[in-house]
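Reader: I would like to go through this model feature by feature. Please give the general idea of each feature before the case at hand.

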Amino acid sequence: MKKTFIGLDYGSDSVRALLVDQDGRELATAVHCYRRWSEGLYCRPVGHQFRQHPLDYLEGLEQTIREVLAGQDASCVTGIAVDATCTTMCAVDGDGVPLALKPEFSEEPDAMFVLWKDHTASAEEKRINEVASNWSGGDYRKYSGGGYSCEWFWSKVLYILRRNPAVRTAHRSWVELCDWIPGILSGNCNPATICRSRCAAGHKALWHAEWGGLPPEEFLVAIDPLLAGERSRLYEDTCVVGTPAGTITPEWASRLGLPENVVIAAGSVDCHVGAVGAQVAPGEMIKVIGTSTCDVLVSPDPGRCIPGICGQVDGSVLPGLTGLEAGQSAFGDIYNWFKRFLSYAGDVSFAKLEEDAAAIPVGSCGVVALDWFNGRRTPYANSQLSGVIAGMNLGTSVPMVYRALIESTVMGSKAILEHLKKEGIVINGITAVGGISFKSEFIMQMCADAFNMPIKIARTEQSCALGAAMIAATAAGVFTSVEAAQHAMGSGYCKVYTPDAGKNKQYEALFLQYQTLGNAVEGIQK
């Protein structure tokens, strides 16, 4: 009987479980939408506050695994691995219990997981960058593209410490979602010993071996005295993907209907695990396209710090290689915003909007937009920037605006690609994964035309969960390396979009307009 593995993918709106065998055959999948999140609880979108209750995660864990095991031989399950959005972190007590699971904090958003796209910590972002840029001991942001974001770990920690004295007093440490779920399953949530993801630590928390792990105490205290002691409450060592975190506890084995020898792998960040599932290799960019985007590459050590990206971390994607990350803070979220904006006047059909937008010739309507509706992540993170739609007149139609918004997201992706090429990063091919890569031929063809590169679509619709299953198989010892698991379990490609040279010239002209508008707006919004 072939061994099977479960990949758990914690996304922004839901958690997905995928049951896969050692040949990569996808046997069953299940999705659980977070109930409290779907009801809009604990969030204030106007104030950029996005929080999730830990019970949503635990309920999803139990429901999805039980569902994928229905009708399957659970005795074959050998390993489980988890990925999650990041930075999505929470204040915990000395045992690693999220404060929101305690009665006195059960309705307190600051005691819950702070979702990756929560931008409440913009003042803290500014303070961290201010101190880091003038620090005499060197710039601790140099492996993070030379900047720090409000989406990342220390910004969020400082925001909660400044804002909420009760949480500040009660907390003993902080935990990433991608680390907490494996800790729950393996019975080790102790903040001092829980497996901490190299990926999350390196890309989001300024962890690097060059300075012995996290930034030193004196640097953190210079940012704000409230950070005194926080470093000692965290960690020094981190775990690369494929590292076992332990075995499932008898309690969770019983609750989920699993054998007690299932290996639990150390967790990692969703988009990076999605790159594993899409068979990332040196020279191949993986574009994870959904509510936001994440561009992931692996390479030998580049030998220098790459400016303007979201981190370069040894072993963050594949052990032995440097993981590089870039991306956009909003992509599909912009389309969803436009639909909500229009729905005030009645029902809106995305399919009809896209059909009408696709019928408009490139560059013919004069409307140009910027994709900074949730700030800019890459190149050069700046959460203070905002989206813009320019060039409208009394003849501008709804499809024209929608097309301009789509073009803005594609031009934002092109800006990242051009920046990486300028910095000498080798990109021989592009593979796209995520919901939009399957849902919109129009957008994917526009990407190919604008980039002037073929874009492959990964066959699996569950790249993150499949990547997690590959990592689980490695942690369980079924494969000797993550690359070996990729080779055995990879799904290949289902489609390739080939660029149109004529349209590429048109998109080059549009890209110049996008850059000109961006430079002007950034000058105003500084």
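Predicted model: local features only at pLDDT ≥ 70, side-chain atom pairs only at ≥ 80, totals over all residues.

Reader: How many aromatic pairs does the structure hold?

Author: Rings of Phe, Tyr and Trp (its six-membered ring) pair if their centres lie within 6.5 Å; planes under 30 degrees apart count as stacked, over 60 as edge-to-face and the rest as tilted. The structure holds 19 such aromatic pairs. Take Tyr57 and Phe113: the ring centres are 5.2 Å apart and the planes stand at 75 degrees, so this pair is edge-to-face.

Reader: Where in the chain do Tyr57 and Phe113 lie?

Author: Helices (H or I, at least four residues) and strands (E, at least two) are DSSP runs, numbered from the N terminus. Tyr57 belongs to helix H2 (residues 54-69) and Phe113 to strand E7 (residues 113-114); the two are 56 residues apart, and the pair links distant parts of the chain.

Reader: Is Tyr57 buried or exposed?

Author: Buried means under 20% relative accessible area, exposed over 50%, and partly exposed in between (1.4 Å probe, protein chains only). Tyr57 is buried, at a relative accessible area of 0%. Phe113 is also buried, at 0% relative accessibility.

Reader: Which kind of pair do Phe511 and Tyr514 form?

Author: Their ring centres are 6.2 Å apart and their planes are at 15 degrees, so Phe511 and Tyr514 are stacked. Both residues lie in helix H18 (residues 501-525), three residues apart, or about one turn of the helix. An α-helix has 3.6 residues a turn, so residues three or four places apart point the same way. Phe511 is buried at 6% relative accessibility, and Tyr514 is buried at 7%.

Reader: Which residues do ring pairs link into a cluster?

Author: The cluster consists of Phe331, Tyr335, Trp337, Phe338, Phe341, Phe350, Phe373 and Tyr402.

Reader: Which charged ends sit over a ring?

Author: A charge sits over a ring if NZ of Lys or CZ of Arg is within 6 Å of the ring centre and within 35 degrees of the ring normal. The charged end of Arg255 sits over the ring of Trp252, 3.9 Å from its centre. For Arg376 over the ring of Trp372, the distance to the centre is 5.1 Å.

Reader: How should I read the pairing of strand E5 with strand E1?

Author: Two strands pair if DSSP finds at least two bridges between them. Strand E1 (residues 4-10) pairs with E5 in the parallel sense over seven bridges, and Ile6 stands opposite Ile80 in E5. E5 also runs parallel to strand E10 (residues 263-265), joined by two bridges, with Gly79 opposite Val263. Two bridges join E5 to strand E11 (residues 268-269), again parallel; there Asp83 has Ser268 as its bridge partner. As for cover, eight of the eight residues in E5 (residues 77-84) are buried.

Reader: Which residues touch the most other members of the largest nonpolar core?

Author: A nonpolar core is a set of buried Ala, Val, Leu, Ile, Met, Phe, Trp, Tyr and Cys residues joined through side-chain atoms within 4.5 Å. The largest has 84 residues, and Leu8, Tyr10 and Trp180 touch the most other members. Helix H16 (residues 463-475) supplies the largest share of this core, nine residues. Apart from this core lies another, of 60 residues, including Leu385 and Tyr507.

Reader: What is Asn382 in contact with, leaving aside its neighbours within four places in sequence?

Author: Contact means heavy atoms within 4.5 Å. On that basis, and with those neighbours left aside, Asn382 is in contact with Gly375, Arg376 and Glu522. Asn382 lies in the loop between strand E16 (368-370) and strand E17 (388-390), and is buried, at a relative accessible area of 19%.

Reader: Is Gly320 buried or exposed?

Author: Gly320 is exposed, with a relative accessible area of 66%. Its place is in the loop between strand E14 (312-314) and strand E15 (322-328). Gly320 and Ser299 are 21 residues apart in sequence and 9.1 Å apart in space, C-alpha to C-alpha.

Key. Residues numbered from 1 in each chain as written. Heavy atoms only, no water.
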